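Trainee: I would like to learn how to read sheets and helix packing in a model. Could we work through an example?

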Amino acid sequence: MERINEEVLREARGILQKYKDGKKVLEARVREEEKWYRLRHWEVVRGEGDAARPQPTSAWLFNAIMNKHADAMDNFPECSVLPREDGDREDAKTLSAIIPVILERCEFEKVYSYNWWEKLKHGTAIYGSFWNPRLENGLGDVDIKPVDILNIFWEPGIQDIQDSRNVFVLDLRDNDLLEREYPQLEGKLGGDRGLDLPQYEHDLTLDLTGKSAVVDWYYKVRAEDGRTLVHYVKFVGETLLFASEDMDEYADRGFYDHGKYPFVFDALFPEKGTPCGFGYVALCKDPQMYIDKLSQAVLENALRAGKKRWFIGAQTGVNKEQFLDWNKDFVDVEGSANLDDAHMREITTTPLPGSTLNLLQMKVDELKETSSNRDVSSGGTMGGVTAASAITALQEAGNKTSRDMISASYRAYTQLDYLIIELVRQFYDQERSFRITGGGVRDYDFVRYSNVNIRTQQVAVDSAGNPLMRRPVFDVRVKAQKKNPFSRMSQNELAKELYGLGVFNPERAQETEGMLEMMEFEGKDRVLEQVRQKGAEFSQLQQPMAQPPQGMSPGGGDMLDLFAGKGNGPVGM
């Protein structure tokens, strides 16, 4: 039965237009913030008469954004999948190993970096977790993409994107490529101006002729059994390209079995009534504006003071052309003109008061404090602090705002991992091979995996004959891949300190376990496992030494004599 027809598409276009109208203020803010990020904010704040004045563009705001981005990339996330039941332990271990491989194939580090720029600039990063049937030579695979905030539309007034009745994503594509991919579009593409996408201001002129807006429409419906189904429609104008609700495969189950929109919003500073937030440009553009306006006054004063100008009387008789030409050694004067101060006097420029320079520095400090981008966060020192450990401690104390922002991104990353697990559960029908890399360049192994063990399965039948189903559930734990040199240095110092305490001595394994259980550091589980393993091996070696062979008295020789063929044992052959 055909549910999605031209009438439904017209209604969807009407809903999309309402969503677009409700998002205009946000779009205007985002486009303006992009100018601030590109140091072109004078186009926004320029007033009358500013065109001929100096227009300094200091990068204090950009520096704050850049340092926060560096903190985020120094703490790139990695996930561990944990089972909720003992029988799912092996699948959880395998998923922990293959999810990083899937993300690496999607170039997730590049996506993560791009989205962190978006989060810091505009306050919102949007991840899309899709199933792409064209990947892996038609086998299909998970595809993680960044979604531009100007290209996605949702119901105004909702806080969580999953609460929106519809979600639309628009993309401009060339008409000839669309007609080649979808023959039903031939002769129907004429540049639909009603769905124009807002564009950023580029240095290059964009030619949008010969392009059409392709709409990806996601919507939720309630099934008869109470489940929430998410369906997917793709259309151009009033021409349908794909509709999951019209396909028997998806009609009763939805396009994605997890029943969620395939989008994760990561907001920096949340706002009420929207899944988006605001970023550092909105927070710090006011002090940045006054920094540049005060710098404008300082530069104007310096330029005027550096260029000498003169009052010259009308009867002075000075040759002005020669006077202005600094290559002339002599300046002609007509008649017996008097060249005293009454006829020719230099115009003096009064220096700016010290309060102006102090105010400029105060605005710089204000931006640093507001953005939590103090000097020590960028590697600078203060108060004579020179020790590396002390500088590291100050940086860790000053980076608490960065850690808070990164924790929020980890929550979004956790939701993204859940979507990946659900896509694997739904679409990995055929077994695939993954190369799992260890610590070294050549330290890798191969794992084959499919969704056979994590699909919903019947485990029993109740008394009424109804099947009892089981669906393996997993939890995701996220931690940071520490990449910055200061973290590695502190880890190395900790390792040397633990070695000096005798932690790696198997004779002290029992007391070492108690100490390590109270500590918290990166790689603690690995160290604790090695200590336990070495302690168990040492205990096994001690057992035969504690029980001498039959016929040998406790004082009849030690273990070394026994292996050397001495003593009362049966070794001497």
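Predicted model: local features only at pLDDT ≥ 70, side-chain atom pairs only at ≥ 80, totals over all residues.

Trainee: What holds the strands of a sheet together?

Mentor: Strands of a sheet pair through backbone hydrogen bonds, and the pairing is either parallel or antiparallel.

Trainee: How many bridges join each pair of strands?

Mentor: Go along the sheet from β4. Three bridges join β4 and β5 in the antiparallel sense, and Trp 154 stands opposite Val 167 in β5. β5 and β6 are also antiparallel, with nine bridges; Leu 170 has Val 215 in β6 as its bridge partner. At the other end, β7 (residues 228–236) pairs with β8 over four antiparallel bridges. There, Val 236 has Thr 239 of β8 as its bridge partner.

Trainee: Where do the side chains of a strand point?

Mentor: In a regular strand they alternate between the two faces of the sheet. You can follow a strand in the view and look for that pattern.

Trainee: What is the strand order in the sheet that contains β9?

Mentor: That open sheet has three strands in the order β3-β2-β9, with antiparallel pairing. Its edges are β3 (141–146) and β9 (263–267), each with a single partner strand, so one side of each is left without a neighbour in the sheet. On average, neighbouring strands here are turned by 20° against each other, direction ignored. Strand β2, residues 124–132, runs antiparallel to β3 and is joined to it by six bridges.

Trainee: Which helix lies across β2, β3 and β9?

Mentor: Helix α6, residues 108–122, does, and it runs at about 150° to β2.

Trainee: How do I describe two helices that pack on each other?

Mentor: Two packed helices are described by the angle between their axes and the distance between the axes. Take α2 and α6: their axes are 10 Å apart and the angle is about 105°. An angle from 65 to 115 degrees counts as roughly perpendicular, so α2 is roughly perpendicular to α6.

Trainee: Which residues make that contact?

Mentor: In α2 they are Arg 29, Val 30, Glu 33, Glu 34 and Tyr 37, and in α6 they are Trp 117, Lys 121 and His 122. By class, the contact of α2 with α6 has three nonpolar, one polar and four charged residues.

Trainee: At what angle do α2 and α8 cross?

Mentor: The axes of α2 (residues 24–37) and α8 (residues 280–306) cross at roughly 50° and come within 11 Å. That makes α2 oblique to α8, and the crossing is left-handed. Glu 32, Glu 33 and Trp 36 of α2 make the contact with Val 281, Ala 282, Lys 285, Gln 288 and Met 289 of α8. These residues divide into four nonpolar, one polar and three charged.

Trainee: Which residue forms a salt bridge with Glu 32?

Mentor: Lys 285 does, and the closest N and O atoms are 3.1 Å apart. Glu 32 lies in α2 and Lys 285 in α8, so the pair ties together parts that are 253 residues apart in sequence. The whole structure has 32 salt bridges.

Trainee: How are α8 and α10 arranged?

Mentor: The axes of α8 and α10 (residues 354–370) come within 9 Å and cross at roughly 160°. An angle over 145 degrees counts as roughly antiparallel, so α8 is roughly antiparallel to α10. The crossing is left-handed. Residues of α8 in this contact include Leu 283, Ile 291 and Leu 294, and those of α10 include Leu 357, Leu 360 and Val 364. By class, this contact has 12 nonpolar, four polar and two charged residues.

Definitions and conventions: Residues numbered from 1 in each chain as written. Heavy atoms only, no water. Pairing = 2+ DSSP bridges. Helix = DSSP H or I, 4+ residues; strand = E, 2+ residues; numbered from the N terminus. Axes fitted to C-alpha atoms, helices over the stretch in contact; angles between N-to-C directions. Parallel < 35°, antiparallel > 145°, perpendicular 65-115°, else oblique. Left-handed = near helix turned anticlockwise from the far one by under 90°. Contact = heavy atoms within 4.5 Å. Nonpolar A, V, L, I, M, F, W, Y, C, P; charged D, E, K, R; others polar. Salt bridge = Lys/Arg side-chain N within 4 Å of Asp/Glu carboxyl O.
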